[in-house]
Amino acid sequence: MAMRIPELKSQYIWAILLAIFTVAIIHPIEIPIPMSKATLDVYNMIENLPEGSIVAVGGAYVFAFDLESSASMIACLKQMARNHLRVVFVPLSVEAVQMHKYCIDMARVDEKYGGPWKYGRDYVQLPYMPGMDAALVAFLTDVHSAVATDVYGTPLDELPLMRDLHSYKDISLWICIHWAFPMIVRYVTSERGIPSVYFAQAAAYASYAPYMAMYPGKVFMTLGFLGGAQYEKLVGIKGLGYAAMNAYSFLVIAFVIFVILGNITMLTRLGEEEE
Amino acid sequence: MISTDPWIWLSALLTICSYSLLYGDNPLFRIGVYTYAGTVIGHSVVTGYFTLKSRFLPLFTGQKPILIIPLILGIMSLFVAWRKYAWVASFPIAVMIGVGTGISMRALMMTDIIGNVKAVISEAALIFTPPLTDQIGYLIKVIFTPIAVFYLLFTVFVRSPASKPAEYLRTIGKYIFLIYFGLSVGSAIMQLSGLAVSSLYRLIKLWLGL
Amino acid sequence: MSAVVYIRLYLTRILILIGMLSVLISWYFVSPEADVIANELQIWNMNIATFTLFVGLLSVYSRYIRSIMNREKYWQYHLYAAILIVVWIIFGLKVGLYSDIYQKAYLCTKITLHIAILGQLVFFMISACYRLFRMRTLRTAIFACCTLLIAICNAPIVSATFPAADKIVFWFLNYPASAGSRALLITGGVGGVVLGIRILLGLEKGALRATEV
């Protein structure tokens, strides 16, 4: 009679996974991060932007999902600061302001952390702009009538960076770190021809890959935490992306083992069912 | 060395509250849920206040008096929470629906429909351009896309002479979506494991100092 | 239908028409008048949408207060949340949205909880995969193999050992997966346009249902 393998209770699986995460966090191992063409394309495109170019960073969704994109964004902010680019943060959702602040603080590019950027001259945080698509279109049409002040309440005319930004024509690149990327492609790239970069959440990459095919050379995407780890490697830091991929390398082994175990369990019971 | 930062302690305790769901529904988890609800609503209100100040600054400074109209409409929109007078909110909502629908209609037409159809047609030409892996890829895309569209548009199919071939196409469409969702789930595992690492890192490294 | 309801109904339809047509005409035709109206309506749309941030407060409080007064199930938690909302609002208004302390508080409460809730999903997902990915039928086998393929090839340990793994991931995501997502985008676009036309013709109420008496 064939050996009958019992069904694993979910709680045991969770306990094993928890142990794997704990070991991976306490004792991370040095893992190589191979480079993908997708990430390299984004990096090179930003490297080739002329000094002083205005890059808009914005979109809409929730912080927790966008955390995955923050790994790439933080590395990208360091790159942009190094290359003397200028950034305007355009929050189109309630949590986007907090997300943008998180990225800028973690990147340590502001002069208060010893970085090269000065608020108002090199980067500006705009306040939340409600209305999603309509807000984005209004912003692209005429920035100064769409929004009157920055997040601190300072009139835009008093900010050196905002004196150079009047409409979409002054924007060289749009970076989206939020799930609502289709909105950016539709109104920024498709209608106005501005290239856009999406530090995609892994699950969103498959959904939005058609936009890259629709606008080759204008729409670029990286893949989740893997893209984040790769971007961090390009910039020379080790952040959330690297830590996530470290743990993921262990997790995937457990995942495969559980699936194989499940199938073996099924096979041992097949004979029983036939009997 | 265990952390002495009260914020780290707060986030660690809330993480434990959240992960206690793995044990089962319990009061700790409920505290976490209602803390979440409270902070979300509180944050919305705080954001709303500062956004109002920013958005109506031209009205308060006298630069744009016409903004009194959206101010009145905005106050009217709050009546949606009051069942008896919810009809008052229909006017501002109508303005939002009109503008939002107009903007999204033109974008959907141009990008999602025409843009995708153009891409399929241009990829049909790229089937004959090496390398081989790309050629196979474009061939798959060009064949799979119309079949998948057929599957979505004709989910319910009326009995007719075309029923049998339609059934085959819909079966293939089903498998196309199985592949798509399978690949998405595989990617999602990476995404969610990263988020789990982020929260457990806070617990293990920042709080417990291990 | 009374005169008031009649006026209400047609006034909302007129407002929808003005909004939609001004935006569409300003995009497809050269019309400075339509441009002015469209731009102004977009600003008004943003300003009106700001007030929606307060609707949540009103509806949640009406429910919680009723629950607390009637001592319904979980009323203690509702009381806790109601107090927390007030405390949070006062705290936020005092320190400012973009201040370091507000950011810290927000990250350590709401964001921590949200990330933890989402992070838990990986546990549920893997235990679900253990039960679901039993390859008895072709459908399950295809679904399971696609998931496993992407999950394995995404791991840096695998792609460092087998460089082709990285190319496999992107090939599958950019070609077969893209076909399915493209179909969703096309049909979603068609659905969106049809909905827009129905709203234009007054056949669809959409969000206006919430305002029906």
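User: What percentage of the 275 residues in chain A is buried?

Analyst: This is a predicted model, in which local features need pLDDT of at least 70, side-chain atom pairs count only at pLDDT 80 or more, and totals for chains, interfaces and linings use all residues. Residues are numbered from 1 along each chain as its sequence is written, while chains are lettered from A and ligands numbered from 1 in the order in which they are written. A residue is buried if 20 or more other C-beta atoms, placed from the backbone, lie within 10 Å of its own. For chain A the buried share is 57%.

User: How many residues of chain C are in contact with chain B?

Analyst: Contact requires the C-beta atoms of two residues, placed from the backbone, to lie within 7 Å. On the chain B side 98 residues take part, and on the chain C side the number is 100.

User: Which helix gives the most to the side of chain C that touches chain B?

Analyst: Helices are DSSP runs of H or I with at least four residues, numbered from the N terminus. Those supplying at least two residues each include α1 (3–28), α2 (32–69) and α4 (100–132) of chain C. With 20 residues, the one that gives the most is α2(C).

User: Where does α7(B) bend?

Analyst: Helix α7 of chain B covers residues 163–207, and its end C-alpha atoms are 63 Å apart. A bend is the angle between axes fitted to the seven residues ending at a residue and the seven starting there. In α7(B) this angle is about 35°, at Y201(B).

Key: Buried ≥ 20, exposed ≤ 12 C-beta atoms within 10 Å, placed from the backbone. Expected span 1.5 Å × (residues − 1).
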